[in-house]
Amino acid sequence: MKEFRISEFLSPGNIIKWRYLLWKSQYFPPEKLQLLQWNYLSKILDFCFEHVPYYKRLFQDLGLKRDDIRSMKDITLLPILSKDTVLEKHDEFIPDNLEKCRPITVRTSGTTGSPLELYWDVDVNIFELVCQWRHFSWLGYNLADPFMDIRSFSRHLGQKYRWNWKCRGLEFSSQYINEANINEYADLLRKYKIKFWRGHSSAMNYLCQLLDYADIQDVKPKFIVSVGETLLENQRDYIENWTGALVRDNYGLNEHTALICQCPDRGYHICSEYGLVEIINDNGKPAQPGEEGRIISTGLHNKAFPLLRYDTRDYAVYSDKKCQCGRTLPLIESLTGRADDRLVNANGKVIAGLHNTFKYANGIKLSQIVQKEAGVIDVYVVPINHFDDPLKELLIRVLKNELGNTMVIRIHVVDDIPYRKPGKFKFVVSLLKDKQIV
Ligand SMILES: [Zn+2]
């Protein structure tokens with residue numbers, strides 16, 4: 001959720017309403033859940049037809065009337081919406097009655113230079129809060145429990161930490177934390193009695209390493225949620241082993257179109273009340289169980305900047321299974337990274353999921369792979385202490401194993417990774433032109 005304004009606490013009606021519904025709807029029979037979803041979708045479609053210039057024109061161009069979309073599957077009558085189109089026609093997505101939404105401005109990061117500014121209406125911010133609360137509650141969190149929120153990048157430039165009293169969040173930026181001051185941060189975790197961590201998995205991984213090296217054992221959390229970047233298996237394993245706590249994943253977008261939350265039984269639940277999620281394979285067809293596809297998402301609530309069938313550029317594996325936890329929210333099998341996380345070798349083969357190659361390299365604080373041309377990658381490594389030749393050779397060997405011997409790999413030991421933007425940390429930055437990516 002975004003920063004709350006004091007006025008939002010003075011009207012708790014919506015918080016209570018969503019708290020009541022969402023705790024029940026996660027166990028609704030599938031037909032009831034679909035009906036609820038369709039009701040929300042109908043309302044947002046009505047709104048788009050009436051108030052949003054981009055959609056008014058799109059429907060006209062397609063020769064569609066509002067009544068032509070009579071059920072959830074009819075949404076496929078609309079084309080998939082790319083981020084490029086949203087950037088290009090940005091102002092046309094703003095409704096003609098924006099002020100009524102009491103909008104909050106939200107910025108999404110664009111590692112390769114395409115930041116997007118959009119709006120959330122005020123009710124959406126409250127809805128987001130309750131959705132996140134529900135997920136954290138699956139792991140044992142109670143509203144008003146203090147928690148640590150750690151990011152790889154500073155949200156409050158120059159501030160080592162911030163205590164956000166409104167949500168009782170202790171906010172850290174991992175770039176300010178190091179071996180010399182780790183005891184001060186441990187003291188803060190003790191002072192605020194933190195038992196719940198949320199944040200970027202790379203930042204939490206780094207924090208665990210520093211605490212481990214300093215042999216500080218008494219600040220371990222009871223539960224952890226990874227948000228804002230891909231949760232890598234090697235990081236999950238390391239954090240879980242060191243803390244003894246469960247790490248669960250939380251996938252969402254600032255575009256407010258989809259939320260996927262991992263339960264204690266490891267099921268990735270699509271929050272149907274939040275957004276409509278389609279998994280579309282590379283042939284443009286709905287993915288079959290076990291098949292990977294792009295996450296195409298439709299936000300069901302945000303009138304201030306509505307996005308229908310938005311291409312997230314993230315990949316997931318479709319599933320038709322039920323979860324052991326008993327929640328009826330549909331599942332995906334796994335999240336498999338971003339389109340922009342994929343590398344292309346000299347033969348044009350696309351390779352994803354390289355994160356595991358770094359699991360043997362324990363001395364690395366932060367790393368980033370940048371590709372500017374097919375067949376060549378630059379690997380930037382920020383070491384914790386030093387990065388010696390055997391470690392470098394090991395890294396090249398495991399990377400070649402994944403990428404093939406023809407891939408040119410250039411390792412650079414640096415003080416800071418080159419592509420830093422506010423928001424998400426990017427492990428892989430692909431600067432290849434879209435046409436070079438299959
Ligand atoms: Zn579950």
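Modeller: In this predicted model, helix α8 (residues 201–213) packs against helix α9 (residues 233–243) at an angle of about 40°, and their axes lie 10 Å apart. That angle makes α8 oblique to α9, because angles under 35 degrees would count as roughly parallel and those from 65 to 115 as roughly perpendicular. The crossing of α8 over α9 is left-handed. On the α8 side the contact involves Ser201, Ser202, Met204, Asn205, Cys208 and Asp212, and on the α9 side these meet Gln235, Arg236, Tyr238, Ile239, Trp242 and Thr243. Sorted by class, the contact between α8 and α9 holds five nonpolar, five polar and two charged residues.

Two packed helices are described by the angle between their axes and the distance between the axes. Helix α2 (residues 13–25) packs with α6 at an angle of about 40°, with 9 Å between the axes. This arrangement makes α2 oblique to α6. Here the crossing is right-handed as α2 passes α6. From α2 the contributing residues are Asn14, Ile15, Trp18, Arg19, Leu22 and Trp23, and from α6 they are Asp123, Ile126, Phe127, Val130, Cys131 and Arg134. The class count for the contact of α2 with α6 is eight nonpolar, one polar and three charged residues.

Helix α6 spans residues 122–139, and the loop between it and β3 (147–151) contains alanine 144. Alanine 144 has a phi near 85°, which is positive although the residue is not glycine.

Of the 438 residues, 38% are buried. When contacts between residues at least 6 apart in sequence are considered, 65% of them join residues at least 24 apart.

One pair of close C-alpha positions shows such a separation along the chain. Threonine 76 lies in the loop between α4 (53–62) and α5 (83–88). The C-alpha atoms of threonine 76 and arginine 309 are separated by 8.2 Å, although the two residues are 233 apart along the chain. Threonine 76 has 14 C-beta neighbours inside 10 Å and therefore counts as partly exposed.

Turning to the strands, β13 (residues 310–318) includes arginine 313. Arginine 313 has a positive phi, near 65°, in a residue other than glycine. Because 14 other C-beta atoms lie within 10 Å, arginine 313 is partly exposed. Strand β11 (residues 275–280), in turn, is mostly covered, with five of its six residues buried. Its antiparallel pairing with strand β12 (residues 292–299) runs over six bridges. Within this pairing, valine 277 has serine 297 of β12 as its bridge partner. As a general point, the side chains in a regular strand alternate between the two faces of the sheet.

Another group of strands forms an open sheet of four, in the order β19-β18-β17-β20, with mixed pairing. The edges are β19 (408–413) and β20 (428–430), each of which pairs on one side only. On average, neighbouring strands of this sheet are turned by 20° against each other, direction ignored. The pairing of β17 (residues 364–373) with β20 is parallel and extends over three bridges. Valine 370 has valine 429, in β20, as its bridge partner.

Aspartate 388 belongs to the loop between β18 (376–383) and α10 (389–403). Between the C-alpha atoms of aspartate 388 and valine 413 there are 9.8 Å in space, and the two are 25 residues apart in sequence. Aspartate 388 has 11 C-beta neighbours inside 10 Å and so counts as exposed.

To return to the contact requested, α8 and α9 meet at about 40° with axes 10 Å apart, in a left-handed crossing. For α2 and α6 the angle is likewise about 40° and the axes are 9 Å apart, but that crossing is right-handed.

Technical notes. Residues are numbered from 1 along each chain as its sequence is written. This is a predicted model: local features need pLDDT of at least 70, side-chain atom pairs count only at pLDDT 80 or more; totals for chains, interfaces and linings use all residues. A residue is buried if 20 or more other C-beta atoms lie within 10 Å of its own, exposed if 12 or fewer, and partly exposed in between; C-beta atoms are placed from the backbone. Two residues are in contact if their C-beta atoms, placed from the backbone, lie within 7 Å. Helices (H or I, at least four residues) and strands (E, at least two) are DSSP runs, numbered from the N terminus. Two strands pair if DSSP finds at least two bridges between them. Axes are lines fitted to C-alpha atoms, for helices over the stretch in contact, and angles run from 0 to 180 degrees between N-to-C directions. Angles under 35 degrees count as roughly parallel, over 145 as roughly antiparallel, 65 to 115 as roughly perpendicular and the rest as oblique. A crossing is left-handed if the near helix is turned anticlockwise from the far one by less than a right angle, and right-handed if clockwise. Ala, Val, Leu, Ile, Met, Phe, Trp, Tyr, Cys and Pro count as nonpolar, Asp, Glu, Lys and Arg as charged, and the others, Gly among them, as polar.
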